[in-house]
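Trainee: Could you take me through one part of this protein's surface in detail? I would like to see how that part sits against the rest of the chain.

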Amino acid sequence: MYRSKVKTIILAGTASFLAFALVTFPATAVEASKDGLNTWWTIVFPSLLPFLILSEVLIGFGVVRFLGVLLEPVMRPLFKVPGVGGFVWAMGMVSGFPTGAKLTARLREEKQITKVEAERLVSFSNASNPMFIIGAVSAAFFHNPKLGFLLAGAHYLANFTVGLCMRFYGVDEKIPKDKKSSKVPSLKRALRELHHTRLKDKRPLGKLLGDAVTASIQSLLMVGGFIILFSVINRLLFHLQVTSLLAGFIDKFFELFSFSTALSIPFIAGIFEITLGSKLTSGVESSTLMQQAIVTSMILGFCGLSVQAQVASILAQTDIGFKPFFFARILQAIFASIYTYLFWDVFSANFLNDDKPAFAMPAFLEDQGWISQAMQKWMEIGPAFTIICLSVYVVILFFRLPGKKRTV
(Lines give C-alpha, C1' and ligand atoms only; values in the text may rest on other atoms or scores of the structure.)
Protein backbone atom coordinates (compact mmCIF):
# COMPACT_ATOMS: atom_id res chain seq x y z
CA MET A 1 0.00 0.00 0.00
CA TYR A 2 2.84 2.37 0.90
CA ARG A 3 4.64 1.64 -2.37
CA SER A 4 1.46 2.32 -4.32
CA LYS A 5 1.05 5.72 -2.66
CA VAL A 6 4.66 6.65 -3.37
CA LYS A 7 4.19 5.65 -7.01
CA THR A 8 1.07 7.82 -7.22
CA ILE A 9 2.91 10.82 -5.77
CA ILE A 10 5.85 10.36 -8.16
CA LEU A 11 3.61 10.07 -11.22
CA ALA A 12 1.48 13.04 -10.22
CA GLY A 13 4.57 15.12 -9.43
CA THR A 14 6.21 14.26 -12.76
CA ALA A 15 3.07 15.13 -14.72
CA SER A 16 2.75 18.43 -12.83
CA PHE A 17 6.40 19.25 -13.47
CA LEU A 18 6.02 18.64 -17.22
CA ALA A 19 2.83 20.73 -17.31
CA PHE A 20 4.70 23.57 -15.61
CA ALA A 21 7.53 23.22 -18.13
CA LEU A 22 5.07 23.39 -21.03
CA VAL A 23 3.62 26.63 -19.70
CA THR A 24 7.07 28.07 -19.06
CA PHE A 25 8.52 27.21 -22.50
CA PRO A 26 5.55 27.14 -24.92
CA ALA A 27 7.60 28.11 -27.99
CA THR A 28 10.15 25.39 -27.28
CA ALA A 29 7.38 22.80 -26.88
CA VAL A 30 5.80 23.80 -30.20
CA GLU A 31 9.10 23.54 -32.06
CA ALA A 32 9.81 20.15 -30.50
CA SER A 33 6.30 18.97 -31.46
CA LYS A 34 6.93 20.03 -35.05
CA ASP A 35 10.21 18.13 -35.12
CA GLY A 36 8.55 14.99 -33.75
CA LEU A 37 5.65 15.26 -36.18
CA ASN A 38 8.04 15.79 -39.09
CA THR A 39 9.99 12.66 -38.14
CA TRP A 40 6.79 10.62 -37.89
CA TRP A 41 5.07 11.58 -41.13
CA THR A 42 8.18 11.75 -43.34
CA ILE A 43 10.06 8.64 -42.14
CA VAL A 44 8.36 6.48 -39.51
CA PHE A 45 4.85 6.19 -40.99
CA PRO A 46 5.80 5.44 -44.63
CA SER A 47 8.59 3.10 -43.49
CA LEU A 48 6.54 0.94 -41.13
CA LEU A 49 3.05 0.89 -42.67
CA PRO A 50 3.75 -1.51 -45.58
CA PHE A 51 5.44 -4.00 -43.24
CA LEU A 52 2.62 -3.88 -40.68
CA ILE A 53 -0.09 -4.36 -43.31
CA LEU A 54 1.81 -7.20 -44.97
CA SER A 55 2.34 -8.88 -41.60
CA GLU A 56 -1.36 -8.75 -40.78
CA VAL A 57 -2.23 -10.26 -44.17
CA LEU A 58 0.37 -13.03 -43.84
CA ILE A 59 -0.98 -13.93 -40.40
CA GLY A 60 -4.53 -14.04 -41.71
CA PHE A 61 -3.59 -16.27 -44.67
CA GLY A 62 -1.70 -18.68 -42.42
CA VAL A 63 1.72 -18.02 -43.95
CA VAL A 64 3.18 -17.18 -40.56
CA ARG A 65 1.91 -20.46 -39.14
CA PHE A 66 3.42 -22.24 -42.16
CA LEU A 67 6.83 -20.66 -41.53
CA GLY A 68 6.47 -21.41 -37.83
CA VAL A 69 6.29 -25.15 -38.43
CA LEU A 70 9.34 -25.05 -40.71
CA LEU A 71 11.40 -22.89 -38.31
CA GLU A 72 10.42 -24.75 -35.15
CA PRO A 73 13.54 -27.02 -35.16
CA VAL A 74 15.73 -23.89 -35.26
CA MET A 75 13.98 -21.36 -33.03
CA ARG A 76 13.06 -23.73 -30.20
CA PRO A 77 16.60 -25.02 -29.43
CA LEU A 78 18.23 -21.58 -29.85
CA PHE A 79 15.76 -19.22 -28.19
CA LYS A 80 13.10 -21.51 -26.64
CA VAL A 81 10.35 -19.84 -28.68
CA PRO A 82 8.05 -21.38 -31.32
CA GLY A 83 8.98 -21.31 -34.99
CA VAL A 84 6.63 -18.39 -35.64
CA GLY A 85 9.15 -16.35 -33.68
CA GLY A 86 11.47 -16.56 -36.67
CA PHE A 87 9.02 -14.53 -38.75
CA VAL A 88 8.58 -11.96 -35.97
CA TRP A 89 12.36 -11.70 -35.51
CA ALA A 90 12.98 -11.17 -39.23
CA MET A 91 10.20 -8.58 -39.62
CA GLY A 92 11.37 -6.78 -36.50
CA MET A 93 14.91 -6.41 -37.85
CA VAL A 94 13.85 -5.40 -41.37
CA SER A 95 11.15 -2.87 -40.47
CA GLY A 96 12.39 -1.68 -37.07
CA PHE A 97 10.62 -0.64 -33.87
CA PRO A 98 7.97 -1.47 -32.73
CA THR A 99 7.02 -4.11 -35.32
CA GLY A 100 8.38 -6.99 -33.24
CA ALA A 101 6.25 -6.02 -30.25
CA LYS A 102 3.15 -5.58 -32.42
CA LEU A 103 3.52 -9.02 -34.02
CA THR A 104 4.38 -10.69 -30.72
CA ALA A 105 1.24 -9.24 -29.14
CA ARG A 106 -0.81 -10.43 -32.10
CA LEU A 107 0.53 -13.99 -31.81
CA ARG A 108 -0.17 -13.97 -28.08
CA GLU A 109 -3.75 -12.84 -28.68
CA GLU A 110 -4.19 -15.80 -31.03
CA LYS A 111 -2.71 -18.18 -28.40
CA GLN A 112 0.06 -19.26 -30.79
CA ILE A 113 2.66 -18.59 -28.07
CA THR A 114 2.60 -18.71 -24.28
CA LYS A 115 3.10 -15.71 -22.00
CA VAL A 116 6.72 -16.64 -21.18
CA GLU A 117 7.49 -17.36 -24.85
CA ALA A 118 6.05 -13.97 -25.77
CA GLU A 119 8.23 -12.24 -23.17
CA ARG A 120 11.30 -14.02 -24.53
CA LEU A 121 10.39 -13.22 -28.13
CA VAL A 122 9.65 -9.53 -27.64
CA SER A 123 12.99 -9.09 -25.87
CA PHE A 124 15.03 -9.77 -29.03
CA SER A 125 12.62 -9.22 -31.93
CA ASN A 126 12.73 -5.41 -31.70
CA ALA A 127 15.63 -3.65 -33.39
CA SER A 128 16.50 -0.58 -35.44
CA ASN A 129 16.09 -1.22 -39.15
CA PRO A 130 19.14 -1.16 -41.47
CA MET A 131 17.90 1.89 -43.38
CA PHE A 132 17.88 3.95 -40.20
CA ILE A 133 21.30 2.77 -39.02
CA ILE A 134 23.08 3.06 -42.38
CA GLY A 135 21.09 5.86 -43.99
CA ALA A 136 20.11 8.21 -41.16
CA VAL A 137 22.72 7.62 -38.45
CA SER A 138 25.83 6.80 -40.51
CA ALA A 139 25.28 8.70 -43.78
CA ALA A 140 23.29 11.71 -42.57
CA PHE A 141 24.78 12.23 -39.09
CA PHE A 142 28.34 10.88 -39.34
CA HIS A 143 28.69 11.43 -43.12
CA ASN A 144 30.28 7.97 -43.28
CA PRO A 145 28.00 5.19 -44.63
CA LYS A 146 30.74 2.60 -44.03
CA LEU A 147 30.38 3.14 -40.29
CA GLY A 148 26.81 1.90 -40.63
CA PHE A 149 27.99 -1.64 -41.36
CA LEU A 150 29.90 -1.75 -38.07
CA LEU A 151 26.98 -0.26 -36.13
CA ALA A 152 24.47 -2.57 -37.79
CA GLY A 153 26.65 -5.64 -37.32
CA ALA A 154 27.19 -4.90 -33.62
CA HIS A 155 23.50 -4.08 -33.19
CA TYR A 156 22.17 -7.30 -34.71
CA LEU A 157 24.85 -9.50 -33.14
CA ALA A 158 23.96 -8.01 -29.75
CA ASN A 159 20.31 -8.67 -30.55
CA PHE A 160 21.12 -12.32 -31.26
CA THR A 161 23.13 -12.56 -28.03
CA VAL A 162 20.21 -11.15 -26.04
CA GLY A 163 17.98 -13.84 -27.55
CA LEU A 164 20.39 -16.52 -26.39
CA CYS A 165 20.49 -15.02 -22.89
CA MET A 166 16.70 -14.68 -22.61
CA ARG A 167 16.20 -18.36 -23.39
CA PHE A 168 17.06 -18.91 -19.71
CA TYR A 169 14.19 -16.65 -18.67
CA GLY A 170 11.26 -18.66 -17.34
CA VAL A 171 13.17 -21.96 -17.38
CA ASP A 172 10.55 -23.55 -15.13
CA GLU A 173 7.90 -23.25 -17.84
CA LYS A 174 6.58 -26.64 -18.98
CA ILE A 175 6.29 -27.06 -22.74
CA PRO A 176 3.29 -29.13 -23.92
CA LYS A 177 4.22 -32.24 -25.88
CA ASP A 178 2.50 -30.98 -29.04
CA LYS A 179 4.69 -27.84 -28.96
CA LYS A 180 8.04 -29.53 -28.55
CA SER A 181 10.31 -29.12 -31.55
CA SER A 182 10.90 -31.91 -34.00
CA LYS A 183 14.38 -32.60 -35.32
CA VAL A 184 13.37 -32.32 -38.98
CA PRO A 185 11.01 -29.66 -40.41
CA SER A 186 7.87 -31.17 -41.91
CA LEU A 187 6.68 -29.53 -45.13
CA LYS A 188 3.53 -31.67 -45.12
CA ARG A 189 2.56 -30.54 -41.62
CA ALA A 190 3.42 -26.93 -42.49
CA LEU A 191 1.07 -27.01 -45.51
CA ARG A 192 -1.66 -28.57 -43.39
CA GLU A 193 -1.33 -25.82 -40.78
CA LEU A 194 -1.35 -23.19 -43.54
CA HIS A 195 -4.64 -24.56 -44.90
CA HIS A 196 -6.30 -24.93 -41.50
CA THR A 197 -5.33 -21.42 -40.43
CA ARG A 198 -6.78 -19.90 -43.60
CA LEU A 199 -10.03 -21.80 -43.18
CA LYS A 200 -10.27 -20.77 -39.54
CA ASP A 201 -10.07 -17.09 -40.52
CA LYS A 202 -13.42 -16.75 -42.30
CA ARG A 203 -13.03 -13.08 -43.26
CA PRO A 204 -13.31 -12.33 -47.00
CA LEU A 205 -10.29 -10.78 -48.70
CA GLY A 206 -11.71 -7.26 -48.63
CA LYS A 207 -12.49 -7.45 -44.91
CA LEU A 208 -9.04 -8.89 -44.20
CA LEU A 209 -7.28 -6.08 -46.08
CA GLY A 210 -9.46 -3.44 -44.44
CA ASP A 211 -8.73 -4.81 -40.97
CA ALA A 212 -5.00 -4.93 -41.78
CA VAL A 213 -4.99 -1.27 -42.87
CA THR A 214 -7.01 0.02 -39.91
CA ALA A 215 -5.08 -1.97 -37.29
CA SER A 216 -1.72 -0.88 -38.74
CA ILE A 217 -2.64 2.81 -38.96
CA GLN A 218 -4.07 2.79 -35.44
CA SER A 219 -0.75 1.42 -34.16
CA LEU A 220 1.20 4.05 -36.09
CA LEU A 221 -0.99 6.86 -34.78
CA MET A 222 -0.08 5.71 -31.28
CA VAL A 223 3.60 5.58 -32.27
CA GLY A 224 3.38 9.13 -33.63
CA GLY A 225 1.90 10.38 -30.36
CA PHE A 226 4.79 8.92 -28.37
CA ILE A 227 7.40 10.33 -30.77
CA ILE A 228 5.94 13.84 -30.40
CA LEU A 229 5.56 13.51 -26.62
CA PHE A 230 9.13 12.41 -26.00
CA SER A 231 10.48 14.96 -28.46
CA VAL A 232 8.85 17.66 -26.32
CA ILE A 233 10.00 16.08 -23.02
CA ASN A 234 13.57 15.80 -24.25
CA ARG A 235 13.70 19.45 -25.35
CA LEU A 236 12.09 20.72 -22.14
CA LEU A 237 14.48 18.77 -19.91
CA PHE A 238 17.38 20.31 -21.83
CA HIS A 239 16.09 23.86 -21.32
CA LEU A 240 15.37 23.20 -17.63
CA GLN A 241 19.01 22.06 -17.16
CA VAL A 242 17.82 18.62 -16.04
CA THR A 243 19.85 17.02 -18.82
CA SER A 244 22.99 18.82 -17.66
CA LEU A 245 22.36 17.69 -14.08
CA LEU A 246 22.04 14.04 -15.13
CA ALA A 247 25.06 14.37 -17.39
CA GLY A 248 27.16 15.19 -14.33
CA PHE A 249 26.69 11.64 -13.07
CA ILE A 250 27.42 10.16 -16.51
CA ASP A 251 30.66 12.16 -16.69
CA LYS A 252 32.19 10.09 -13.91
CA PHE A 253 31.24 6.87 -15.69
CA PHE A 254 32.79 8.02 -18.97
CA GLU A 255 35.96 9.15 -17.18
CA LEU A 256 36.53 5.57 -15.99
CA PHE A 257 36.91 4.52 -19.64
CA SER A 258 38.79 7.69 -20.71
CA PHE A 259 35.85 8.85 -22.81
CA SER A 260 35.23 12.51 -23.55
CA THR A 261 32.76 13.95 -21.01
CA ALA A 262 31.23 15.96 -23.85
CA LEU A 263 29.46 12.71 -24.84
CA SER A 264 27.41 12.68 -21.64
CA ILE A 265 24.68 15.09 -22.77
CA PRO A 266 24.18 13.29 -26.13
CA PHE A 267 24.03 10.00 -24.21
CA ILE A 268 21.33 11.35 -21.87
CA ALA A 269 19.40 12.62 -24.90
CA GLY A 270 19.74 9.16 -26.47
CA ILE A 271 18.26 7.54 -23.37
CA PHE A 272 15.05 9.41 -24.18
CA GLU A 273 15.11 9.36 -28.00
CA ILE A 274 17.40 7.51 -30.44
CA THR A 275 17.49 9.99 -33.31
CA LEU A 276 18.39 13.07 -31.29
CA GLY A 277 20.95 11.18 -29.19
CA SER A 278 22.69 9.76 -32.27
CA LYS A 279 22.72 13.15 -33.99
CA LEU A 280 24.21 14.93 -30.97
CA THR A 281 26.81 12.18 -30.50
CA SER A 282 28.02 12.57 -34.09
CA GLY A 283 28.62 16.27 -33.49
CA VAL A 284 30.97 15.92 -30.49
CA GLU A 285 34.32 17.02 -31.95
CA SER A 286 36.33 16.51 -28.76
CA SER A 287 35.88 12.73 -28.88
CA THR A 288 37.33 10.11 -31.20
CA LEU A 289 35.24 8.35 -33.83
CA MET A 290 35.60 5.10 -31.89
CA GLN A 291 34.13 6.69 -28.77
CA GLN A 292 31.28 8.15 -30.80
CA ALA A 293 30.59 4.76 -32.39
CA ILE A 294 30.52 2.98 -29.02
CA VAL A 295 28.14 5.52 -27.47
CA THR A 296 25.91 5.40 -30.56
CA SER A 297 25.81 1.60 -30.33
CA MET A 298 24.68 1.89 -26.71
CA ILE A 299 21.95 4.35 -27.70
CA LEU A 300 20.73 2.12 -30.54
CA GLY A 301 20.75 -0.93 -28.27
CA PHE A 302 18.80 0.74 -25.46
CA CYS A 303 16.42 2.14 -28.13
CA GLY A 304 15.30 5.07 -26.01
CA LEU A 305 12.42 5.56 -23.59
CA SER A 306 10.29 6.82 -26.49
CA VAL A 307 10.40 3.44 -28.24
CA GLN A 308 10.09 1.60 -24.94
CA ALA A 309 6.92 3.56 -24.16
CA GLN A 310 5.52 2.52 -27.55
CA VAL A 311 6.29 -1.13 -26.79
CA ALA A 312 4.82 -0.84 -23.28
CA SER A 313 1.61 0.55 -24.74
CA ILE A 314 1.33 -2.37 -27.17
CA LEU A 315 2.13 -5.00 -24.54
CA ALA A 316 -0.35 -3.46 -22.08
CA GLN A 317 -3.16 -4.75 -24.31
CA THR A 318 -2.04 -8.31 -23.51
CA ASP A 319 -0.72 -10.22 -20.49
CA ILE A 320 2.90 -9.88 -21.70
CA GLY A 321 5.14 -8.33 -19.05
CA PHE A 322 7.26 -5.27 -19.87
CA LYS A 323 10.13 -5.86 -17.39
CA PRO A 324 11.87 -8.59 -19.46
CA PHE A 325 11.87 -6.25 -22.47
CA PHE A 326 13.39 -3.41 -20.45
CA PHE A 327 16.06 -5.69 -18.97
CA ALA A 328 16.85 -6.99 -22.47
CA ARG A 329 17.39 -3.43 -23.72
CA ILE A 330 20.02 -2.85 -21.06
CA LEU A 331 21.71 -6.09 -22.05
CA GLN A 332 21.67 -5.15 -25.73
CA ALA A 333 23.16 -1.71 -25.03
CA ILE A 334 26.02 -3.38 -23.14
CA PHE A 335 26.61 -6.11 -25.75
CA ALA A 336 26.42 -3.68 -28.70
CA SER A 337 29.02 -1.36 -27.16
CA ILE A 338 31.33 -4.30 -26.39
CA TYR A 339 31.05 -5.69 -29.94
CA THR A 340 31.72 -2.25 -31.41
CA TYR A 341 34.87 -1.96 -29.30
CA LEU A 342 36.06 -5.50 -30.15
CA PHE A 343 35.54 -5.08 -33.91
CA TRP A 344 36.82 -1.51 -34.11
CA ASP A 345 40.47 -2.26 -34.90
CA VAL A 346 39.59 -4.66 -37.72
CA PHE A 347 36.96 -2.30 -39.10
CA SER A 348 39.24 0.73 -38.86
CA ALA A 349 42.13 -1.03 -40.58
CA ASN A 350 40.00 -2.40 -43.42
CA PHE A 351 37.58 0.45 -44.05
CA LEU A 352 38.72 3.73 -42.52
CA ASN A 353 42.51 3.94 -42.71
CA ASP A 354 43.04 2.65 -46.24
CA ASP A 355 41.73 4.18 -49.42
CA LYS A 356 40.65 0.74 -50.50
CA PRO A 357 39.25 -1.85 -48.08
CA ALA A 358 40.99 -5.17 -47.56
CA PHE A 359 38.07 -6.95 -49.17
CA ALA A 360 36.30 -5.27 -52.04
CA MET A 361 32.90 -3.66 -51.59
CA PRO A 362 30.36 -3.08 -54.36
CA ALA A 363 30.78 0.26 -56.06
CA PHE A 364 27.33 1.48 -55.00
CA LEU A 365 28.32 1.03 -51.34
CA GLU A 366 31.53 2.98 -51.84
CA ASP A 367 29.59 6.00 -53.11
CA GLN A 368 27.62 7.67 -50.32
CA GLY A 369 25.85 10.05 -52.70
CA TRP A 370 23.13 7.59 -53.65
CA ILE A 371 22.31 6.99 -49.97
CA SER A 372 21.84 10.71 -49.32
CA GLN A 373 19.76 11.07 -52.48
CA ALA A 374 17.60 8.08 -51.54
CA MET A 375 16.99 9.49 -48.05
CA GLN A 376 16.13 12.89 -49.51
CA LYS A 377 13.71 11.37 -52.02
CA TRP A 378 12.11 9.26 -49.30
CA MET A 379 11.56 12.35 -47.11
CA GLU A 380 10.00 14.19 -50.07
CA ILE A 381 7.39 11.54 -50.84
CA GLY A 382 6.87 10.51 -47.19
CA PRO A 383 4.32 13.22 -46.25
CA ALA A 384 2.22 12.63 -49.38
CA PHE A 385 2.21 8.87 -48.73
CA THR A 386 1.15 9.45 -45.11
CA ILE A 387 -1.71 11.78 -46.08
CA ILE A 388 -3.01 9.35 -48.73
CA CYS A 389 -2.95 6.42 -46.28
CA LEU A 390 -4.69 8.42 -43.57
CA SER A 391 -7.37 9.39 -46.09
CA VAL A 392 -7.90 5.73 -46.96
CA TYR A 393 -8.13 4.96 -43.24
CA VAL A 394 -10.85 7.60 -42.77
CA VAL A 395 -12.82 6.24 -45.74
CA ILE A 396 -12.66 2.68 -44.37
CA LEU A 397 -13.87 3.84 -40.95
CA PHE A 398 -16.67 5.86 -42.57
CA PHE A 399 -18.07 2.87 -44.42
CA ARG A 400 -17.79 0.74 -41.28
CA LEU A 401 -19.95 3.03 -39.18
CA PRO A 402 -23.01 1.25 -37.66
CA GLY A 403 -25.98 1.43 -39.98
CA LYS A 404 -23.91 2.69 -42.89
CA LYS A 405 -24.53 0.95 -46.21
CA ARG A 406 -21.40 -0.74 -47.45
CA THR A 407 -21.52 0.68 -50.94
CA VAL A 408 -18.83 2.60 -52.71
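Mentor: Happy to! Keep in mind that this is a predicted model. Let's look at the nonpolar patch on the surface, which is formed by Leu157, Phe326, Ile330, Ile334, Ile338, Tyr341, Leu342 and Phe343. Together these residues have about 690 Å² of accessible area. Where do they come from? Helix 16, residues 323-352, gives the largest share of the patch, with seven residues. Leu157, in turn, lies in helix 8, which covers residues 145-166.

Leu157 has a relative accessible area of 31%, so it counts as partly exposed.

Now for the background. In soluble globular proteins, nonpolar side chains tend to be buried together. This protein has such groups too: its largest nonpolar core holds 74 residues, and Phe124, Leu147 and Ile274 have the most contacts inside it. Among the residues that Phe124 touches are Met75, Phe79, Trp89 and Val162. Apart from that core lies another one, of 14 residues, including Leu49, Leu52, Cys389 and Tyr393.

Finally, step back to the whole protein. It has 18 helices and zero strands, and 49% of its 408 residues count as buried. The protein exposes about 20400 Å², with carbon and sulfur atoms supplying 69% of that area. Among contacts between residues at least 6 apart in sequence, 77% join residues at least 24 apart.

Notes. Residues numbered from 1 in each chain as written. Predicted model: local features only at pLDDT ≥ 70, side-chain atom pairs only at ≥ 80, totals over all residues. Heavy atoms only, no water. Patch = residues over 30% accessible without salt bridge, like charges linked within 9 Å, V, L, I, M, F, W, Y side chains within 5 Å. Areas by Shrake-Rupley, 256 points an atom, 1.4 Å probe, with all protein chains shown as cover. Salt bridge = Lys/Arg side-chain N within 4 Å of Asp/Glu carboxyl O. Helix = DSSP H or I, 4+ residues; strand = E, 2+ residues; numbered from the N terminus. Buried < 20%, exposed > 50% of the residue type's maximum accessible area, 1.4 Å probe, protein only. Contact = heavy atoms within 4.5 Å. Core = buried A, V, L, I, M, F, W, Y, C linked by side-chain atoms within 4.5 Å. Lists of a residue's contacts leave out its neighbours within four places in sequence.
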